[in-house]
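Here is a briefing on one protein model. Please keep the sequence and the 3D view open while reading.

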Amino acid sequence: MDIKDIGVVVTGGGSGLGEATIRAFAGRGARVAILDLASSRGGELAAEIGGSAIFAEADVTSEEQVEAALERASGGLGGIHVVVNCAGVATASKTVASDGQPASLAAFRRTVEINLIGTFNVIRLAAARMVKNQPNADGERGVFINTASVAAYEGQIGQAAYAASKGGVVAMTLPIARDLARDGVRCCTIAPGLFLTPMLLGLPEPARQALGSLTPFPSRLGHPEEYARLAMHIVENPMLNGETIRLDGALRLPPK
Ligand SMILES: NC(=O)c1ccc[n+]([C@@H]2O[C@H](COP(=O)([O-])OP(=O)(O)OC[C@H]3O[C@@H](n4cnc5c(N)ncnc54)[C@H](O)[C@@H]3O)[C@@H](O)[C@H]2O)c1
């Protein structure tokens, strides 16, 4: 699918990987909508990008808020052709803490609610709109790109909830692609390694370098623009479908 003039919604588009994706698609002539929390920087970013850029505030776990945000985005962008799901939270908690307390079930549920169920909530509501798009010359009506993590495959100590939520995103990629195939809608997932986003920006430089050195090559943290480049490639390459692509410089996370 050509990027110019398509409507692109990025959840979690106000920060980090999502922000880089918004900037990259807007830079290539797409119309963009940032779907993010009211407390995010989404409004400022939309104003900075200007043109037809929209901030459509929503919590991805809310059926009503996501439906309203998609309605707004669809009207403002002239249709939704691509959704990139970047909204997510990184949580850490051991199954049994060092003081003997079992992990909080509410915290586990919340992580799965945002990262996995929130992703599916956006997909199902956006897909119901996409399947009504006019197909392009290749029969394509839309593309979904989700964000898992290498933790889906080798979650570290404390990552049971995070890894479970991202493993769910990987597992649902193929069945969603199969569900939507007859409508010409594709679904892929990116599983990033360690990327320099606000999540990691707060760490002191030595800690960042230590994390970066875990990656065999290039031995550094990933740049959010590198995630955005893969997202754009997935949109442009119609044979990519139903697959999760690791974007990690050959990183395999150690136990801790
Ligand atoms: N940065 C990394 O190294 C890395 C590695 C692997 C996977 N990821 C995944 O990439 C995605 C983006 O991460 P990031 O590093 O850019 O993080 P980030 O914290 O910079 O951005 C996350 C965005 O999601 C939004 N968000 C959080 N909860 C939301 C909700 N309920 N509804 C709507 N928006 C919500 C936040 O407001 C924020 O703008 C996440 O899913 C994360 O798990 C990141």
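The notes below go from the whole chain to single residues.

This is a predicted model: local features need pLDDT of at least 70, side-chain atom pairs count only at pLDDT 80 or more, and totals for chains, interfaces and linings use all residues. Residues are numbered from 1 along each chain as its sequence is written. The protein chain holds nine helices and seven strands. Helices (H or I, at least four residues) and strands (E, at least two) are DSSP runs, numbered from the N terminus.

**Overall shape**

- The radius of gyration of the protein chain is 18 Å, which agrees with the value near 18 Å for a compact globule of 256 residues. That radius is taken over C-alpha atoms, and the globule rule is 2.2 Å times the number of residues to the power 0.38.
- The C-alpha trace spans about 55 × 35 × 35 Å along its principal axes.
- Of the 256 residues, 43% count as buried. Buried means that 20 or more other C-beta atoms lie within 10 Å of a residue's own; exposed means 12 or fewer, and partly exposed is in between, with C-beta atoms placed from the backbone.
- Among contacts with a separation of 6 or more, 69% come from residues 24 or more positions apart. A contact requires C-beta atoms, placed from the backbone, within 7 Å.

**The sheet**

- Seven strands form an open sheet in the order β3-β2-β1-β4-β5-β6-β7, with parallel pairing. The edge strands, β3 (54–57) and β7 (244–247), each pair on one side only. Two strands count as paired if DSSP finds at least two bridges between them.
- From one strand to the next, the twist averages 20°. Axes are lines fitted to C-alpha atoms, for helices over the stretch in contact, and angles run from 0 to 180 degrees between N-to-C directions.
- Five bridges link β1 (residues 7–11) to β2 (residues 31–36) in the parallel sense. V8 has V32 of β2 as its bridge partner.
- β2 and β3 run parallel and are joined by four bridges. Here A33 faces I54 of β3.
- β1 and β4 also run parallel, with four bridges between them. V9 stands opposite V83 of β4.
- β4 pairs with β5 in the parallel sense over four bridges. N85 has N146 of β5 as its bridge partner. The chain passes from β4 through helix α4 (residues 105–130) to β5 in a right-handed β-α-β crossover. Right-handed means that, with the strands pointing away from the viewer, the path from the first strand over the helix to the second runs clockwise.
- β4 is covered on both faces: V82 and V84 are buried on one side, V83 and N85 on the other. In a regular strand the side chains alternate between the two faces of the sheet.

**Helices on the sheet**

- Helix α3 (residues 63–77) lies across β1, β2 and β3, and runs at about 165° to β3.
- Helix α9 (residues 224–236) packs on the sheet and touches β4 (82–85), β5 (142–147), β6 (185–192) and β7. Its direction makes about 160° with that of β6.

**Helix α2**

- The buried residues of α2 are G42, L45 and A46. They sit on the same side of α2, because they cover an arc of only 100° around the axis. The arc is that of the directions from the helix axis to the C-beta atoms.
- These buried residues pack against α1 (16–27), β2 and β3.
- The face of α2 turned away from the buried side carries the exposed residues E44, A47 and E48.
- G50 follows α2 and has a positive phi, near 70°.

- S39 lies in the loop between β2 and α2. It counts as exposed because it has 9 C-beta neighbours inside 10 Å. S39 and E57 are 18 residues apart in sequence, and their C-alpha atoms are 8.9 Å apart.
- G18 is part of helix α1. G18 is buried, with 30 other C-beta atoms within 10 Å. Leaving out residues up to four places away in sequence, G18 touches V10, T11, G12, G13 and C86.

Conventions:
Contact = placed C-beta atoms within 7 Å.
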